[in-house]
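Open the model in your viewer and keep the selection panel at hand. The stops below go one selection at a time.

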Amino acid sequence: MRKMTARRGLGLAGLIVGLMSVVSPAAADLGLINMTRGVTESSRQIYDLHMTIFLITVVIGVLVFGAMFYSIYRHRKSRGVKPAKFHHSTAVEIVWTVIPLGILVAMAVPATQTLIELDDTSDAEMTVKVTGYQWFWGYEYMDEDVQFLSRLDVDSDRARQLGSGVQPASVDNYLQNVDKRLVVPVDTKIRFQITAADVIHSWWVPDLGWKKDAIPGFVNEAWTRIDEPGIYRGRCAELCGRDHGFMPIVVEAVEKDEFEEWLAGQRGGDAAAATASSNEQSEVSDQLASR
Amino acid sequence: MTATTQDHAHHEAEPTGLKRWLVTTNHKDIGSMYLLFSLAMFLVGGAMALVIRAELFQPGLQVVDPYFFNQMTTMHALVMIFGAVMPAFTGLANWMIPLMVGAPDMALPRMNNWSFWLLPFGFAILLSTLFMPGGGPAGGWTMYPPLMLQTGTAFPFVIFAIHVLGISSIMGSINVIATILNMRAPGMTLMKMPLFVWTWLITAYLMIAVMPVLAGAITMLLTDQYFGTTFFSAAGGGDPVLYQHIFWFFGHPEVYILILPAFGIISTIIPTFARKPLFGYSSMVYATASIAFLSFIVWAHHMFTVGMPVAGVLFFMYATMLIAVPTGVKVFNWVATMWRGAMTFETPMLFALAFVFLFTIGGFSGLMLAIAPADFQYHDTYFVVAHFHYVLVTGAVFAILAAAYYWLPKWTGHMYNERLGQWHFWLSVIFVNVLFFPQHFLGLAGMPRRIPDYSVQFADWNMISSIGGFGFGFAQLIFVYLLWQCIRGGQKAEARAWEGAEGLEWEVPSPAPHHTFDTPPVIR
C-alpha cells in the first residue's frame, strides 16, 4: 500500500511541474538556485566559503543518510531479522565527537581570514554615506558635496499597487529599479558609512557579498572594491515597515574617469535637488526627535 | 493533594461537563486540553501561513495589503511558537511525565490548571489585536525597536499577551521540574529516566532562565513607548541593538526549548520500532545538556550584520559551530539505534525517521549559517526561512505528530486508523519539502524574507513553494479527521500498544485510567 501512495505522490509532483510550465512568467528562472559569485574579491571568497561548507555538509549527509537508508532497507522486521542487543560504545562515541570537531576547526580558519579582511575599512579611496529611510535610500558622497535620494522607480511603483492589473513581468526590472542609481567607480576601495533615520534597515547588494544593518543613531562601516563595470541590484534586507519590500538598491559601477565626469555633473546640476533632499533629511530627524 | 488519598466516592463527586474541564487538576485532562488547544492554534497559525503563501504565489500584490502581510508574518510566528509548539510539548509533558516516572499526578496540580487556562485568554488578547485600529503587530515576532514602536493601538495588548503566555510557560516549567525531581517512583534514578523526561527537565530550566529575559525586553519596549525611557533610542542615549541582544539572549535558548523535547520524543520512538535499546543513552543526556549550555552563549549569531566588533563576531561564530558536535552525536546515536534493529514502519516511526532526515538538513543549513562571512549573504533571506522551518516544522512539528500517533492508543484506548495515518505522513512529507526546499534556492538567489512581493526572477520557486504550502496545509486536515475518529472509537488498544514499547506508561491499561500510580510502581 505504501508503494502505491508513493506512486501517487510522484504523479502529484508531475502535475505540479505541469501546472508551473503553464502559468509562470517568462522571466522567471528555475535554474536560479545558488548564491552569486559576485563582482568583488570578498564576494568570491564568501562564495567559496559557502560552497566549501555546503560540500562538507553534502559529504556528511551522504554518509549519515546512506547508513540510515541502508539500515532502513536491511534491518527491517519483514526480512525476518532478529534485533541486535548492543546499546553503547565509548570508542565510537569518541570518534564521532572528535572527527566533526576537526572538520569545524578546518572550516573556521578560512572563515576567520575572510572575516578579518571584510572588517578592515582602512585606506579607503572614497566614502559614501548610506541612509535608510521608510522607504527609500539616501546617498551622500562624502567631501564631494553630492547627495541624493533613491526611490523605487515609477513603473514598478504603479504595478505593485494592490490590484493594479499591471503584469509585473511587463515592467522592466520590476521592484529592482530606482529613479536614481548609486554610481561608483570600479577598482576603487569604497568605504560605506551606513545609518538610518527612522527604523532599522539593511543595505544589501548580493554581488558585493554582504549586507550591513542601517541603524538609527549609529554608523556602521563596510567596504567594497568592484572589479567589473555593471549594474548591480539589491534590496533592503531588514523588515522596516509596510513598504519594506519596495526599497531596492541599484549600484552602477563605471570606469574611474567616467565616474569623475558623472560626479562633476552632479555637483553643478543637482545642487537644488541636493538641498531638497537635505531639507527632507532634517524634516525626518525633526519628526524623530519630536517622537 | 495527591491522588493516592482520593477514594472512589470522591471521584464520583467530581464536576462534569464544562466545569470539569474548567476546574480540573488532573494531569491527563490538562494534558488533553493543552494538546487540543495546540492543534487549534496550529490550524490558526497555518491559515495565516496560507495567506502569506497565497500572496507570494505570484509576483505583484493580489490578495492583501503589505501592512496586513506583515501582520500575518508576525502573528504566524507568535501563534506557532507560543500557541502551537510550546503548548503541544507542555501537553505531552503533562500527559506523559507522571506516567513515565511513576508519579500519580504533576507536583502542583492547581498551578497546572492555571498555567493552561492562561493560554486561551492570552491568545484571545493577542488575536484580537488584528481587529484593533491600526491592526495587529507588524514588526516581526522579534519585535525590534524602533519599528515595533510604530505599532498602533495593538501595542500594549501584544506586550500584555506575551507576558501572559510567558507566565504560563514559567509555571508549566516549574511544575515539570518539581514533578521530575520530587515525584519519581522509588528506584527511578535520574540516569534511568526516559530521555523524554530528561530533555523536558533541561528544557524547563531553559524556560525558567529565559522567559523572564523576554519579559524584561518587552517591558523596556513598553516603558520606551509610554513612560519616557530611552533604552532603545539613540536620541536619548540608548541603543536599538541592545534590544536585539536581550531578545536573542531569550531567543536562542527558545529555539532549543522548541526542539529538545522533540529529541526526547524521537529517542523514545526509534528504539520502540527498531526493537532495540537506544544507542548511547548517557551520551544523549550529556549532548542535551551541552546543547542547552551552548544555547546561552551563541545568541549574537542572529545579529552578525548589526556591526559588532570583529572579535565578537568570531566568538559567536566559533561557539555556534560547536553546537554541531553534540547535535551530530544525537543524530549518529539515532542511526546507530536503527542499525541492526528489526524495524517496522508504523506512522509514528515514519514521522520519527522523517524527523531524523529532515531535521538534519535543517542542521546542515544551520551550520552554513554559522559561518559569519557567508551569513552576510544568507542573513534575513529565505535561506534562513527554509532553515528554521526545516528544524521547526519537519523538526518540532513532525516530532509532535510522531508523539501523537505513538501515544494516541494510550490516551484514547483506541488504535488510530493506520491507513489514514500513512496518507497523512506521505502527503505531509512530500508537500513539506515542496514547500520549504525551494526556499533555500530563493534565499541564495537573493530574495529577502518578510516581503509581500518580489521581482520576477523569483516567481517559479515561489509558485512551487506556495503549491507545497497549500498541499501541506490541507494534508493536516487528514490528521484532524483521524484524531476525531480515534477519540470516538476504533480497534481496542492493548496496554502495551506497540510490540517493542518500553516504559512505565505501557504498564497501565489503555486508555490510561483517570488516576494512575496511586501506589508507586516497582522499578526493576
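Begin in chain A, at Asp187(A), in the loop between β4 (182–185) and β5 (190–196). Strands here are DSSP E runs of at least two residues, helices are H or I runs of at least four, and both are numbered from the N terminus. Asp187(A) is not a glycine, yet its phi is positive, about 50 degrees.

A word on the ground rules. This is a predicted model: local features need pLDDT of at least 70, side-chain atom pairs count only at pLDDT 80 or more, and totals for chains, interfaces and linings use all residues. Residues are numbered from 1 along each chain as its sequence is written, chains are lettered from A and ligands numbered from 1 in the order in which they are written, and side-chain values use heavy atoms, with hydrogens and water left out.

**Stop two: cis peptides**

Select Gln134(A) and Trp135(A). A cis peptide bond joins them, with omega about 5 degrees. Trp135(A) sits in the loop between β1 (126–133) and β2 (136–141) of chain A.

Now go to chain B and pick Ser510(B) and Pro511(B). The peptide bond between these two is also cis, and its omega is about -5 degrees. Look for Pro511(B) in the segment after α17 (459–488) of chain B.

**Stop three: the two domains of chain A**

Colour chain A by domain. Domain 1 covers 29–118 and domain 2 covers 126–273; such bounds come from an automatic or database domain assignment. Their C-alpha centres lie 37 Å apart.

Show the contact between them. With contact meaning heavy atoms within 4.5 Å, 11 residues of domain 1 of chain A touch 12 residues of domain 2 of chain A. The buried area is about 860 Å², 52% of it from carbon and sulfur atoms. Buried area is the accessible area (1.4 Å probe) that two parts lose on being put together, summed over both.

Which residues of domain 1 of chain A lose the most area to domain 2 of chain A? Select Val39(A), Thr40(A) and Leu118(A): together they give 54% of what that side buries.

On the domain 1 side, α2 and α3 of chain A each supply at least two residues. The largest share, 5 residues, comes from α2(A).

**Stop four: a salt bridge between domains**

The domain interface has 1 salt bridge, meaning a side-chain nitrogen of Lys or Arg within 4 Å of a carboxyl oxygen of Asp or Glu. Select Arg44(A) and Asp227(A). Their closest N and O atoms are 2.5 Å apart. Arg44(A) lies in helix α2 and Asp227(A) in the loop between β8 (220–224) and β9 of chain A, so the pair ties together parts that are 183 residues apart in sequence. Over all chains, the structure holds 16 salt bridges.

**Stop five: where chain A meets chain B**

Zoom out and show both chains. In contact are 102 residues of chain A and 108 residues of chain B. They bury about 9,300 Å² between them, 72% of it on carbon and sulfur atoms.

How many salt bridges are there between chain A and chain B? The count is 2. For one between these chains, select Lys77(A) and Glu499(B), whose side chains meet at 3.1 Å, N to O.

Now highlight the elements on the chain A side. Those giving two or more residues are α1 (2–23), α2 (41–74), α3 (90–119), β7 (210–214) and β9 (230–236). α2(A) gives the most, 16 residues.

**Last stop: an aromatic pair in chain B**

Rings of Phe, Tyr and Trp (its six-membered ring) pair if their centres lie within 6.5 Å; planes under 30 degrees apart count as stacked, over 60 as edge-to-face and the rest as tilted. Select Phe37(B) and Phe116(B). Their ring centres are 6.1 Å apart and their planes at 90 degrees, so the pair is edge-to-face. Phe37(B) belongs to helix α3 (residues 27–55) and Phe116(B) to helix α5 (residues 109–128) of chain B, 79 residues apart.
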